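Here's my quick note for anyone opening this one for the first time. Have a look at the model, then read on.

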Amino acid sequence: MPQLSALDAQFLHFETATNVANIAGLAVLDGHLHRADLQDLLERRLPYVPALRRRLAAVPLGLDHPYWRQEDDLDLDYHVREIGLPPPGDDRQLAEQVARLHPRRLDRNRPLWEIYLVHGLPGGRTALYTKIHHAAVDGIGGADVLAALLDVGPEPAPPPSDEPEHDAPPPGSAEMVVRGLARLAANPAHAVRFAAQAVPHLDEIPVLSRLPGAGAVSAVARRLAGAGQVPDLPTLPPPRTPFSGPVSAHRRFAFVSLPLDEIKQVRKAFGVTVNDVVMAVCAGALRRWLAAHGGVPGRPLVAGVPFSVRPEEGGGKGGGEGGGEGGGEAGNQVAIMTAPLAVHLAEPVERLYHVRHSMQRIKDRFAPASARWLREFSESMPAALMGLASRSAFDLVGQAAPPINLIVSNVPGPQFPLYVCGVRLLAHYPVSVITDVSGGVNITAFSYDGSLDVGVVTDREMVPDAWELVTDLRAALRELRAAESGLPH
C-alpha cells in the first residue's frame, strides 16, 4: 500500500495561496491533435502509469502522512481539457495562458494532474500543457510519466504484454490511526538520527550553513568521524535582488529553444561540461537583467540546483511510483545544492570558469548518501505538526533569510524525435516552481532532439516580463560563442 513519504507530504503542506507545488511541461506539437485521440491514448496507457491513477487518502486527525488510493475509474473529461487561443495565437499568448493555469491548485479529491490541449497556434501546431503535483513525482519522475505517454515513432507502440500492477488498498481508518501513533512515537528517534547525520554536513544545508560556526562544527564532526579532508564549499551569502523574498499569487512564463550543438561547441572549446555552460548562460542572462533593473550585486547570486538521489541501478520502477513506507524507493528522491552564479564578473569566460570551479568543488562534496538530509529532516518532524511547521518556516525564512536567489535546473532528455498520437513533438519546455524561499525566478532546461528547451517562470510582481530573461539568455549564449571564436562581443 503506497504511502507518501514525509518529503512527499511536505509538498502538500507548504502550499498556500501564493506557494503552489505544481510542476509541469509545455509540449509543442507539429500538427493538430484531437482531444478524443489523446483521451484514447491515455485510456490505454494510464493503467501502466501509477502516478496518474492515484488520489490522496487522508489519515484521521492528520496523525500520519496520507496514503495513495488507486482510482480505477478516471474521469478523463475532467483531467483532459481543451482551450483555444484567439488569433494570432503566438508564443506570447501561449505563455500567458500557461502563466494563468500554472498557479491554480489541483483538486486534492482527484488524482493530482491535469492536461490542457491548446489549439490556435500558427502553422497548424498544437500545444499540450501537462501539470502534476510535486507530491506525486519529482522532476525525474515527471519525465518518466511524460515518457510513458510518448512514442519513438509515428505509430503508437502496442500496450505492454504484462498485466498492470494494482495497488493494495490503504488501511482502514482505525489502522491508519494506530500506524500514525506508532510513527509519532518513533519521531524522537528520527530527530536524533537526523541530528547525528546532519552535523558533519551543516555547511551543505541551506539556512543552517549560514549559522555562525557551522563550517567549523562540520569540519570537527567530519574529523571525529574519520571522514578525512573534503573540499571547502564556497561562501554563499545571497545578495538581495528585485526577485528576492515572498512571491505573489501570480506568475509570468516565457520559453526559448537554444541550439544544443552551440552549447556543446562552447563546452568543447573551454574544456567544461554542458551543465557548466548552461549555468554560465544563466549567469550571463541574470547579469544583463540585473544591470537593467537596479544594478548588479558585487558578489555572486546563489542558485538552488535540484538533483536526484535515486539509485542509478536497482531503484525500482522509477519516478512514477509513490513513496513512503511500503512504497519502495520512489516518490520524491531529490535534494538541492547551492551554487554561485558569478553575475558580478563582466567577462563571459571568467563567469564560465568561475561556474566550472565552483561546481566541481560542490560535486566533490555532495554524494547521494549525505544529500539525503532533506528527507531525513522531513522524517524527523511529527506528521500532525508538519503542515503548520512547513508554512511557518517558509514564511519566516522567505522574509528574514532566504538561502537562495533563484532555482536553476538542467535535465537531460532524449536526442531523437518523439510523438504523441502520431504527431511529432517539436519542443518540451519545463514549467516549474517558485516559492517564498526560492525567490521569484526559476530557470529550468530540458535537452531534446538537438535543442535546449528552457522554461522561465517568474513572479508577476517581481519580474513582470519573463521574455526579457529569454532575450538575455540568447545574448549570453552569443557572448560565449563570440569568446570561443575570439571575436569581440
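This is a predicted model: local features need pLDDT of at least 70, side-chain atom pairs count only at pLDDT 80 or more; totals for chains, interfaces and linings use all residues.

1. Residues are numbered from 1 along each chain as its sequence is written, and side-chain values use heavy atoms, with hydrogens and water left out.

2. Take a look at helix α8 (residues 260-270) and helix α13 (residues 466-485): their axes come within 10 Å and cross at roughly 45°.

3. Where do α8 and α13 meet? On the α8 side it's Glu262, Ile263, Gln265, Val266, Ala269 and Phe270, and in α13 they meet Leu477, Leu480, Arg481, Ala483 and Glu484 (contact means heavy atoms within 4.5 Å). Sorted by type, the residues of this contact are seven nonpolar, one polar and three charged.

4. Helix α4 (residues 91-101) has several buried residues (under 20% relative accessible area), namely Leu94, Ala95, Glu96, Gln97, Val98, Ala99 and Leu101. At its start, a side-chain oxygen of aspartate 90 comes to within 3.3 Å of the backbone nitrogen of arginine 92.

5. Glutamate 114 counts as buried because its relative accessibility is 6%. Its side chain makes a polar contact (a pair of N or O atoms within 3.5 Å) with the side chain of arginine 81, at 3.4 Å. Leaving aside neighbours within four places in sequence, glutamate 114 also has contacts including Tyr78, His79 and Leu106.

Terms used
Axes are lines fitted to C-alpha atoms, for helices over the stretch in contact, and angles run from 0 to 180 degrees between N-to-C directions. Helices (H or I, at least four residues) and strands (E, at least two) are DSSP runs, numbered from the N terminus. Ala, Val, Leu, Ile, Met, Phe, Trp, Tyr, Cys and Pro count as nonpolar, Asp, Glu, Lys and Arg as charged, and the others, Gly among them, as polar. Buried means under 20% relative accessible area, exposed over 50%, partly exposed in between (1.4 Å probe, protein chains only). A polar contact is a pair of N or O atoms within 3.5 Å; within protein, one must be able to donate a hydrogen and the other to accept it, and residues adjacent in sequence count only if both atoms are side-chain atoms.
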